[in-house]
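Here are my notes for a first look at this one. Have the model open beside you as you go through the points.

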Amino acid sequence: MVLIGAHVDWADPLAEAAARDADVVQFFLSDPQGWKKPEPRSDADRIRAAGVAVYIHAPYRINVATTNNRIRIPSRQLLAQHAEAAAALGARGLIVHGGHVNAGDDPAIGVDNWRKTLERATFPLPLLIENTAGGENAMARRFDRLAMLWDAVGDFGPGFVLDTCHAHAGGEDLLDIVDRAKAVTGRIDLVHLNDSKDPFDSGRDRHENLGRGEIDPELLVAVVAAAGAPVVCETPGGAEGQAADIAFVRSRVAR
């Protein structure tokens, strides 16, 4: 049975899970746009014992691929801090975006910076790299670039998160995407199941509730069925909107 849930507010993730009838919750441990080290949580024991699958999303600021030392070095430190904090909650994995290099930089340098990051650190839980929607210099937007990245880091055993909105907006067809992703990474550990407000290959990362955007909902259901991995909806509408998305997927996958 596929576990299905949502990205929720970090204040009380278990209450948010109950409000959505979610098997899975994903949340941040600090400001996703900041550089702050996560604080210990007073509800850590309760989260570990709850029986709800937990995934933590690292801050968006993290970019270990960049050639900019003032971003890359603190990114490595922040990634390690969030991994420790996520492990303390019993999380199944820490999700991090693939990052990018600056315009004019050789993408191979970004790939090598990723290799160095994983070579020099030992993480206490699975690190899950997510495909992204925009940027011509991204490490994980196009699957040809993703293949370059995995050639360099695959031996370190990172996991992979497939985001359907990001793939659609990034110009990757969802029709056979599970097979193509597994051909590159060998695995899909988590699906971020999101519709898209914007058309194919727009490069815009704007999520929409399932069936209300530009992606055929039957394609989204097919991705879930083919991936066989836990599902997190990062869709709008709060508890009501996400509960409807969870119920939709659950009803279709169970058929």
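1. Start with the helix pair: α8 passes α9 in a right-handed crossing, meaning that the near helix is turned clockwise from the far one by less than a right angle. Helices here are DSSP runs (H or I, at least four residues), and strands are runs of E with at least two, both numbered from the N terminus. One caution: this is a predicted model, where local features need pLDDT of at least 70 and side-chain atom pairs count only at pLDDT 80 or more, while totals for chains, interfaces and linings use all residues. Residues are numbered from 1 along each chain as its sequence is written, and side-chain values use heavy atoms, with hydrogens and water left out.

2. How do the two helices pack? Residues 217-227 make up α8 and residues 238-253 make up α9; their angle is about 65° and their axes are 10 Å apart. That makes α8 roughly perpendicular to α9, a label for angles of 65 to 115 degrees. The axes are lines fitted to C-alpha atoms over the stretch in contact, and angles run from 0 to 180 degrees between N-to-C directions.

3. Now for the residues in that contact (heavy atoms within 4.5 Å). From α8 come P217, E218, V221 and V224, which meet F248, V249, R252 and V253 of α9. Six of the contact residues are nonpolar, none polar and two charged. Here Ala, Val, Leu, Ile, Met, Phe, Trp, Tyr, Cys and Pro count as nonpolar, Asp, Glu, Lys and Arg as charged, and the others, Gly among them, as polar.

4. On to salt bridges, where a side-chain nitrogen of Lys or Arg lies within 4 Å of a carboxyl oxygen of Asp or Glu. The whole structure has 19 of them. In one, D201 and R142 meet with N to O at 3.2 Å. D201 sits in the loop between β8 (195-196) and β9 (207-208), and R142 in the loop between β5 (127-130) and α5 (143-153), so this pair ties together parts 59 residues apart in sequence. D201 is partly exposed at 36% relative accessibility, and R142 is partly exposed at 26%. The cut-offs are under 20% for buried and over 50% for exposed, with partly exposed in between (1.4 Å probe, protein chains only).

5. Is it buried or exposed? D198 is buried, at 5% relative accessibility. R204 forms a salt bridge with D198 at 3.5 Å, and R206 meets D198 in a salt bridge at 2.9 Å. Both arginines are partly exposed, R204 at 44% and R206 at 36%.

Note on methods:
Parallel < 35°, antiparallel > 145°, perpendicular 65-115°, else oblique.
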